[in-house]
Amino acid sequence: LKTLLTICITITTMAVFAQNPLDFGSNIRTADPSAHVWNDGRLYIYASHDIECQEDFWMKDWHIFSTDDLIHWTDHGPCLSVDDLSWADNFAWAPDCAYKNGKYYFCFPAGTGFKDRVNPKNSTKWMGIGIAVSNSPTGPFKDAIGAPLWREPYANDPCIFVDDDGTGYIYFNGGGDYMVAVLNDDFLSVKGELKTMDMGGYKPKREGPWVFKRNNLYYYTMPEDNRVLTYYTSNTPLGPWKYHGVIMEDEHESNNHHSIVEYNGQWLLFYHRWIDTGDACPNRKRQREICAEYLYFNEDGTIQPVKRTAE
Ligand code: FUB
């Protein structure tokens, strides 16, 4: 039985690796995967949607994909668009989703801006974080507040971590710092002040935090300077955090954005990669696609560095 199990795991591993970038069965470009396993036993990815050949990350909607075998994926289509929002019309960036009391809370950054290509100093850009709710993990989601959670500071890349006692924490890039707030029970507002996180004095560029818990240890993971995936640990979800080093090196001097989740007893790292798309775009050789790798922990809870499987 043990041999059979090993063969099955090996075949599944090979299949996932062979599939990178993941085949969602649609031709859209994807990035910023936030993976979750909900009560129905499926694994869901809440993702950004890159417009073909886009420049400047002017993105307009978010997509959800799900699977029950890590090989066959369902594209559930766009779950929300900036066109559905009264307070933003651009920058549909890295989202996340949380589950509480029978409802799914889709948490997303969006904003407004103007780019003056002649006089870049005249350009403007603002981003905030909104929350949309649905009774289904695949939406459609409806903006539940009709406004961002706050206007100051500028904020993007939210990650919601729900602890075993049901308390929700929202982590995000807030005006240049990694910040955190405790969510109220409604998951539509925050309790008390937004807090700047102490990352041991180090100030990398602050996008894409992802927090998870394993064996009572909290892991704070990030694309350091938007590129190299690194991690910290703490005995509390609010830190103080201890730096441990690199999970995944950068590639093509381009951004990365990830999530980490356990599925059927196996830890997985989802991330995006800049894939060579040849002459598909006039000004760009590479575009983003979501990939996955298996993730392994050492006995002491540290994470083994992950290599990307072949493009
Ligand atoms: O996809 C838009 C932005 O690029 C994300 O919000 C960042 O994390 C980076 O991946």
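Biologist: Which strands each supply at least two residues of the shell around the ligand?

Modeller: β1 (29-37) and β9 (155-162). Strands here are DSSP runs of E with at least two residues, helices are runs of H or I with at least four, and both are numbered from the N terminus. Keep in mind that this is a predicted model: local features need pLDDT of at least 70, side-chain atom pairs count only at pLDDT 80 or more, and totals for chains, interfaces and linings use all residues. Residues are numbered from 1 along each chain as its sequence is written.

Biologist: Which residues are around the ligand?

Modeller: Ala-31, Asp-32, Ser-48, Phe-57, Trp-93, Ala-94, Asn-156, Asp-157, Glu-207, Gly-208, Asn-255 and His-257. A residue is near a molecule if its C-beta atom, placed from the backbone, lies within 6 Å of it.

Biologist: How do the shell residues divide into nonpolar, polar and charged?

Modeller: Four are nonpolar, five polar and three charged. Ala, Val, Leu, Ile, Met, Phe, Trp, Tyr, Cys and Pro count as nonpolar, Asp, Glu, Lys and Arg as charged, and the others, Gly among them, as polar.

Biologist: Back to β1. How does β1 pair with β2?

Modeller: Antiparallel, over seven bridges. Two strands pair if DSSP finds at least two bridges between them.

Biologist: Is β2 mostly covered or mostly open?

Modeller: Mostly covered. Seven of the eight residues in β2 (residues 43-50) are buried. Buried means 20 or more other C-beta atoms within 10 Å of the residue's own, with C-beta atoms placed from the backbone. β2 also pairs antiparallel with β3 (residues 61-67), over six bridges. There, Ala-47 stands opposite His-63.

Biologist: New topic. What is the strand order in the open sheet of three strands?

Modeller: β17-β18-β19, with antiparallel pairing. β17 (258-263) and β19 (284-294) are the edge strands, each pairing on one side only. Six bridges join β17 to β18 (residues 266-281). His-258 has Tyr-271 as its bridge partner in β18.

Biologist: And the whole chain? How many helices and strands?

Modeller: One helix and 19 strands. Of the 311 residues, 39% count as buried.

Biologist: What is the radius of gyration?

Modeller: 19 Å, which agrees with the value near 19 Å for a compact globule of 311 residues. The radius is taken over C-alpha atoms, and the globule rule is 2.2 Å times the number of residues to the power 0.38. The C-alpha trace spans about 65 × 50 × 40 Å along its principal axes.

Definitions and conventions. A residue is buried if 20 or more other C-beta atoms lie within 10 Å of its own, exposed if 12 or fewer, and partly exposed in between; C-beta atoms are placed from the backbone.
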